[in-house]
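User: Hi! I have a model here that I would like to walk through with you. Could we take it step by step?

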Amino acid sequence: MLAALAGETRQRPPFWLMRQAGRYLPEYRELRAKAGSFLDLCYNPAFATEVTLQPLRRYGMDAAILFSDILVVPHALGQPLDYVEGEGPKLDPVRNAEGLSRLSAAELHERLAPVYETVRRLTRELPEDTTLIGFAGAPWTVACYMVEGGGTKEFAHVKRWAYGDPQGFQALIDLLVDATVDYLSAQIEAGAEAVQVFDSWAGVLPADPFRRWVIEPTRRIVERLRARHPGVPVIGFPRGAGLFYVEYVEKTGVTAVGLDTTLPTDWAARELQTRLPVQGNLDPIMLAAGGDALRTAATGILADLAGGPFVFNLGHGVIQTTPPDHVAELARLIKQWPERG
Ligand code: CP3
């Protein structure tokens with residue numbers, strides 16, 4: 001995995017899956033029930049370590065991703081957060097300077113200490129050749145949840161603030177840039193060998209706001225992480241960025257880029273992989289569907305991208321209804337690549 005992120009072409013590409021730990025696994029659901037709430041699970045180092053390792057035991061991925069969530073950062077900044085069964089995250093919305101004044105980074109590391117402890121435990125438990133990935137949400141995506149107070153289809157509140165009062169909104173983004181750098185830095189110091197910045201909602205912005213709220217904050221994060229931790233790869237995942245992928249890659253300076261499900265892999269091979277290692281991008285629903293469709297899609301991605309620096313992954317996270325057997329089938333297919341004929 002680290003060789004691929006350093007730009008090497010591996011004959012058999014490394015793989016891991018976004019949301020590889022989670023509710024599609026019965027052993028996850030069992031531990032989740034014991035932990036109580038989802039946040040209790042994230043903040044319990046023994047349980048979070050175990051949940052991180054569960055998919056690796058079944059499928060032998062080349063990388064483990066720390067078990068946590070992108071919303072622990074706003075939580076640590078003081079924003080009340082709850083995960084409601086079947087509805088996703090709920091936060092008390094922050095929509096103006098008054099809301100911002102209630103947040104503070106003073107206790108960030110104290111509150112996130114259990115996450116760092118999970119990383120330390122994982123560095124001890126993982127085999128030498130399994131890469132430990134830390135992560136955070138990108139400022140734009142985290143701001144979407146903070147301002148909307150949860151998931152949204154329209155992004156009306158966050159966009160109205162960003163468009164109507166860009167200076168005020170900039171203060172939130174700046175707070176998140178600082179917190180994200182400190183949070184990822186602490187994960188690296190605890191043992192994370194690579195980090196991924198999830199910008200799940202990068203794709204909802206027009207051109208100029210995309211530059212200001214997606215590219216620029218990510219560029220600052222990459223620059224500061226690189227100064228503190230030269231050599232630690234930063235994977236950017238600007239989901240839905242479409243035509244902006246090239247500009248994102250050029251201006252942010254990320255080490256590698258995660259391709260979302262919709263990007264044509266032959267295009268990505270020509271326009272992105274010639275510049276940096278790429279990761280992706282099997283449709284998670286293809287994994288849930290299984291069978292010939294899964295084999296054909298996975299083989300197509302490998303054919304297009306395994307000839308350069310590449311990390312096999314999904315184009316978004318594993319969904320809850322994915323049969324575990326389909327993940328096993330995918331793991332087999334990747335590990336047998338290139339097929340001997
Ligand atoms: O990839 C992994 O296995 C590591 C763990 C991980 C989780 N969330 C666990 C989780 C990672 C990397 C994330 C990232 C995350 N969280 C993102 C970015 C990636 C993406 O999916 O776009 C986002 C937007 C979130 C915010 C979030 N967390 C939402 C919207 C939800 C609710 C939706 C859902 O699937 O329930 C969560 C909850 C969450 N995060 C769960 C897990 C395993 C499910 C919680 C449960 O067990 O009840």
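This is a predicted model: local features need pLDDT of at least 70, side-chain atom pairs count only at pLDDT 80 or more; totals for chains, interfaces and linings use all residues.

User: Is Phe155 buried or exposed?

Analyst: Residues are numbered from 1 along each chain as its sequence is written, and side-chain values use heavy atoms, with hydrogens and water left out. Buried means under 20% relative accessible area, exposed over 50%, and partly exposed in between, with a 1.4 Å probe and protein chains only. Phe155 has a relative accessible area of 4%, so the class is buried.

User: Where does Phe155 lie?

Analyst: Helices here are DSSP runs of H or I with at least four residues, and strands are runs of E with at least two, numbered from the N terminus. Phe155 has a positive phi, near 60°, and is not a glycine. Its place is in the loop between helix H8 (139-148) and helix H9 (156-164).

User: What is the relative accessibility of Arg19?

Analyst: Arg19 sits in the loop between helix H1 (2-5) and H2, and has a positive phi of about 60° without being a glycine. Arg19 counts as exposed because its relative accessibility is 53%.

User: Which side chain has an N or O atom 2.7 Å from a nitrogen atom of the ligand?

Analyst: Polar contacts are pairs of N or O atoms within 3.5 Å; within protein, one must be able to donate a hydrogen and the other to accept it, and residues adjacent in sequence count only if both atoms are side-chain atoms. On the backbone side, a polar atom of Ala21 is 3.1 Å from a ligand oxygen, and an N or O atom of Gln20 also lies 3.1 Å from an oxygen of the ligand. The side chain at 2.7 Å from a ligand nitrogen belongs to Asp69.

User: What is omega for the peptide bond from Trp337 to Pro338?

Analyst: Pro338 is in the segment after helix H16 (324-335). The bond from Trp337 to Pro338 is cis, with omega near -5°.
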